[in-house]
Amino acid sequence: ERIIAQLQGFDVGATGRFSGGGGDVGQGGASQAGPMAAESASKYRGAQGLDPKFIAELEKQFGFDKPAWQRFLLMVKNYAMFDFGRSYFRDESVIKLIGEKLPVSMSLGLWMTLLSYSISIPLGIAKAVRDGTRFDMWTSNLIIVGYAIPSFLFAMLLIVLFAGGSFWQIFPLRGLTSDDFAQLSFFGKVKDYLWHIVLPVSAMTLGAFATQTFLTKNSFLDEIRKQYVQTARMKGLTENRVLYGHVFRNAMLIVIAGFPGAFVHAFLTGSVLIETIFSLDGLGYLSFESIVNRDYPVVFANLYIFALLGLVVNLISDLTYTWIDPRIDFETREV
């Protein structure tokens, strides 16, 4: 329908009706008279006035000449073999497009996960040691406020403040690298890349470390109250030796085991809006453009990849618990 409408000169984009461009498809089709328009009107309004032979060729090109059940079985078979077809509007293999965009989204997710862990673990330990103090209460309030702020709103605030919106022009507004990236030295490329990801990663990290911070704090509190910690203190060990020599290893088991899940959560949830706002050419931005353009092979392939990654990483996270802590297993026991 979109291709037919474009051939007829109608703007059917996501913002076409709001901007007033293109006119109405139904009115344009109604002005077409003749037997061809009457014959094609029974299918969809965008096909009015076009040659039925051309419509038939178009249906065959996109597979709509087959029954629905046959198309579904063929899609399941192709998806099992990671054959997603070709993009309607880019005329490229979908799997090739995803392979080109995947490193951008993975780099953002990896940096966000590392940054959130580097903040949440020391902060959670400090909150556990100072449990009930003013430091604990104030940091809890700040973490909750940061967790409640949507990442895309914080991203727009960063753009206004630091990307030339109204105040300072410190960081670039869009893109992952500069135009002269290929001519830079190795250290220049590293500096340029880090300079470009400061704002996107900061926007994604704002609410990402809240869960890990409270998880670290509660894990430390549970371990601190156990008998072996009291025994270590009675032996005359220093507080740092007790915390980082005994408590840390046991308290970090559940936090470390959740690293794969945290990475995929960051990779899937924050990429679409952040990549769109900062014009980063990753999977999130590709998904947004594909939805607007109704490029269904790319849309379905992204959903398939995201769902598959989520299932695999959740399985890896569950297995990681058993690898880190041998006391955990999945065997059934009779009471």
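M75 is found in helix 6, where helices are DSSP runs of H or I of at least four residues, numbered from the N terminus. Between the C-alpha atoms of M75 and G85, which are 10 residues apart along the chain, the separation is 9.6 Å. The model is a predicted one, in which local features need pLDDT of at least 70 and side-chain atom pairs count only at pLDDT 80 or more, while totals for chains, interfaces and linings use all residues. Residues are numbered from 1 along each chain as its sequence is written, and side-chain values use heavy atoms, with hydrogens and water left out.

The loop between helix 6 and helix 7 contains F82. This residue has a positive phi, near 55 degrees, and is not a glycine. A pair of aromatic rings is described by the distance of the centres and the angle of the planes. The structure holds 11 aromatic pairs; rings of Phe, Tyr and Trp (its six-membered ring) pair if their centres lie within 6.5 Å, and planes under 30 degrees apart count as stacked, over 60 as edge-to-face and the rest as tilted. The rings of F82 and F84 have planes at 90 degrees and centres 6.2 Å apart, so this pair is edge-to-face. F82 is partly exposed because its relative accessibility is 38%, whereas F84, at 6%, is buried.

F82 also forms an edge-to-face pair with Y304, with 5.9 Å from centre to centre and 70 degrees between the planes. This pair links distant parts of the chain, since F82 belongs to the loop between helix 6 (68-80) and helix 7 (94-129) and Y304 to helix 18 (residues 296-324), 222 residues apart. Y304 has a relative accessible area of 25% and is therefore partly exposed. Ring pairs join Y79, F82, F84 and Y304 into a cluster.

The next region concerns helix 17 and the residues on either side. S279, in the loop between helix 16 (271-277) and helix 17, has a positive phi of about 55 degrees although it is not a glycine. Within helix 17 (residues 283-293), L283, G284, L286, S287 and S290 are buried. Viewed down the helix axis, these buried residues fall within an arc of 160 degrees, so they line one face of helix 17; the arc is that of the directions from the helix axis to the C-beta atoms. An α-helix has 3.6 residues a turn, so residues three or four places apart point the same way. Just after helix 17, R294 takes a positive phi of about 55 degrees.

Definitions and conventions. Buried means under 20% relative accessible area, exposed over 50%, partly exposed in between (1.4 Å probe, protein chains only). Helices (H or I, at least four residues) and strands (E, at least two) are DSSP runs, numbered from the N terminus.
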